Each structure stands twice: as C-alpha cells, then as structure tokens.
Amino acid sequence: MKIKQMVVLAFIICCTTVNLSTAQDRKVVFIIVDGIAPDMLEKTSTPSLDKLKEKGSFTEASVGGTKGTYSETPTISAVGYNSLLTGTWVNKHNVFGNSIKNPNYNYPTIYRLLKDQYPNKQTAIFSTWLDNRTKLIGEGLEETQRIKIDYAFDGHELDTINFPHDSKREFIKNIDTKVAKKAADYIKESAPDLSWVYLEFSDDMGHGFGDSKQLYDAITFEDDLIGKIMEAVHYRETKYKEEWLLIVTTDHGRTAKDGKHHGGQSYRERSTWIATNYVYTNKYFKNYTPTVVDILPTITDFLNIKAPKNTQYEWDGVSLISPVDAINLSATINNNILEVSWKNISNSNTQAEILLSTTNDYKTGGVDKYISVGTTRLSNEKFTTTLKTPVNNFYKMVLKTKNNTLNTWITNN
Ligand SMILES: [Zn+2]
C-alpha cells in the first residue's frame, strides 16, 4: 500500500472509531443508599450530595405507590428496589417484603430491557445484599431468560470469616466501603454500560438508633462513599469523553416519631429524594414530586432503550429528562360512564388518546389488546364517555400522548 493510501485508510479508521464511540458511549450508574428521609440530609454533612445538587439536579421524591389505592406499596427495602428495577408498583412486580417470595418476572427489570436490545452492553452490580442480583434481577433463572450480570461484586454479608457479624453492624459498614471502592475502581477501569450500587449501613443505624448521631454520622459516611463513585464517573467523562447518567436515591424514608422504622404509609416513610448529575431535568422533575418508578423510564430514555409497547404501557413512571405531557392519571367507571382525568404539564396542546383493555394477560406473560375509546385535547385534563359493551370488573387504561403514556387500573366492585 502506498503511503498516501495508508494515511487515508488510517484517517477513515480513526474517524469511524470516533463516530462510533460518540454514538455509543452513554453509561448509567444508579446508587441506592438505604433508608434516608430527605429531612435527614439537611441535618448532617453531605458534601457529595451537595455537589450533585449544585452542579446537577436534586428533588424530593416518594415511594409507596398511590396511597389507599390498588398500587399502594409497602415502604420496605426490597419492595422499593424492585419498583426502581421494574418501573412498576407492587401490584405488578409482586415483591411485598424483604423475603422476596414470588417476584413477577413478567415485568422486566432495567437489566433485561438493556440486554434484550443490546446483548453486548456490559452490566454490573456492586451490592451489600446478594438477593438484589439473585432474586430481584433473577440472574440465571428460567423466568428471566437466564440473564447474566457481566460483573458482580456482592454477597460479602454471607462471608462471616472476613466480615464477622457484630452487634454494632461494623461489618456492614466495612462491606459498604469495599462495595463502593470496587464500584469506583471498576467504573474507572471498565466503564460498564449499566451499574447498580447498593449501600446498606445507613438503614442499620436507623433501625438501631433512630434519629441520632449514629444515623446522621452514617449518612455522612455513605455520602463520602457516593463521592468516590462520583469521582470515578468524572474521571471517565473527562478522560474518555463518555456521557454518564448518575442517579442517587434512597428506597424509603423513616417513621416520624423517632426514625427507627419504615414500611407504613406515613408522609416521612413515603418521602425520598433523587439526586443526579444530569443538569437538564424536565419540568416534571423540577416542579412536581417524582417517584421511584420514574427512574426506569429515565434510564431507558438516556440509553435509548426502546421497550416493547405493551411493556411501556405497564410502566408506572415517566422520564425525568425528556418532555412529559401528562401526569397524575385517574379513572372511574360508574353506570357505564368512564371518567378520566389527568394533569397537563405540556407546553403544546396536542391530542390525548384513551385506550382500554379488559384483560391483564401481561401479568402472566401474555399480550393485552387495547381499544381506543376516544381522543381529546390534552389541555381538557378530562374525558368522559359511555361504554357500550357490558361493564367488566377490571380494566387497564392507558392515556397516550405525544411524549409519554400513563396507565391506571379501574376496578369496579
Ligand atoms: Zn431500606
């Protein structure tokens, strides 16, 4: 090959590589730090989260589904993680407690949605609790198409030789340290496309001491670990020109009385927060109160994952980074009259379409057929129609707008 041709070829290879890398190099890491109500962040030093607040975005948020309805969800750890992983409340994902008895894997986790579309993308988990991988993500199970996490650093809570269990829970503190350090090192070296970091010590101090110096010191301790992961993300962004979405959140708040417990539906137990390095969060993030189920559609959005339509119809949340047209959907059927309402948060007054399904076959791995019962202007914020067919006891309803879908169940007793 002549020198001139070689130069041209080198130029083509070089430019192709650059183009490919800019198109592909979007990465996500989400961190769940256990059991920290938003008011607690105000009462102790959290320099890393303060930095995210200042340079990225921060909002108070909630867990627990819609209180007093079919989607009400216990404010318990594994329940919250699975709401994040599947973008659905407990009435769908079916994890009601930390024993994780019978998850409904028909509602795919973010790990499966990524691997279904991009089998070669790399996934990782760094966790102080093994069940997050083996039971919630369901690694290797037939029901999850035997999904494999490419890199896992977890299960140390079962290693009583290196981490002897002590009543002060120092071993959990040590494991959190190891988990966060490994996450930071691995992200720096290998930059997986999707990572989950789970840290537990703050919840242990909450259960042990409630609102106390021990809990608030534990929050500062976890904040320092979060800082190590933020540094790793910053390193990747500056050295490799990758674009990273970092999300930090908690799985539930704590009881108002003394901060020792959680699981119920009180305001403080339902109260959480979401911090992210993402600057241009949407109007919904900025002006309303997002929930844990909004994180999955945010990640799919960022990573350009196009989930099947019927899967999207099941998501109970919406993106926090792209435009969202409507929120707060509710619907009732009384004497054949369907009444639907929502909150319009769009700048453009486009159409909203109302879809109904009389089945819930998605729950068992099937596909539901939706029929359109009408369209209206988004700005009307309500829609009423008389159903001609005999009224069922159960409907799934979807509100479809230009930029998002919302869903609700209608149970007619
Ligand atoms: Zn928890």
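**α8 and α10**

I looked up how α8 and α10 pack: their axes come within 8 Å and cross at roughly 10 degrees. The axes are lines fitted to C-alpha atoms, for helices over the stretch in contact, with angles from 0 to 180 degrees between N-to-C directions. Helices here are DSSP runs (H or I, at least four residues), strands are E runs of at least two, and both are numbered from the N terminus. The pair α8 and α10 is therefore roughly parallel. I noted the cut-offs: under 35 degrees is roughly parallel, over 145 roughly antiparallel, 65 to 115 roughly perpendicular, and the rest oblique.

The model is predicted; local features need pLDDT of at least 70, side-chain atom pairs count only at pLDDT 80 or more, and totals for chains, interfaces and linings use all residues. Residues are numbered from 1 along each chain as its sequence is written.

I then listed the contact (C-beta atoms, placed from the backbone, within 7 Å). From α8 the residues include K173, D176, T177 and A180; from α10 they include F221, E222, L225 and K228. By class I got ten nonpolar, one polar and eight charged residues. Nonpolar means Ala, Val, Leu, Ile, Met, Phe, Trp, Tyr, Cys and Pro; charged means Asp, Glu, Lys and Arg; the others, Gly among them, are polar.

**α9 and α10**

Next I took α9 (residues 201-209) against α10 (residues 213-240): the angle is about 180 degrees, and the axes are 8 Å apart. That makes α9 roughly antiparallel to α10. On the α9 side I found F201, S202, M205, G206, G208 and F209. Q214, L215, A218, I219, F221 and E222 answer from α10. This contact divides into seven nonpolar, four polar and one charged residue.

Which residues of α9 are buried? I have F201, S202, D203, D204, M205 and G206. Buried means 20 or more other C-beta atoms within 10 Å of the residue's own, exposed 12 or fewer, partly exposed in between, with C-beta atoms placed from the backbone. Their cover includes β1 (26-33), α4 (77-86), α8 (170-190), β5 (194-199) and α10. After α9 comes G210, with a positive phi near 65 degrees.

**Domains**

I checked the domain assignment: domain 1 is 25-312 and domain 2 is 326-411. Such bounds come from an automatic or database assignment. The C-alpha centres of domain 1 and domain 2 lie 31 Å apart. Domain 1 gives eight residues to the contact, and domain 2 gives eleven. On the domain 1 side, α12 (283-287) and α14 (309-312) each supply at least two residues. I sorted that side of domain 1 into three nonpolar, four polar and one charged residue.

Note on methods. Contact = placed C-beta atoms within 7 Å.
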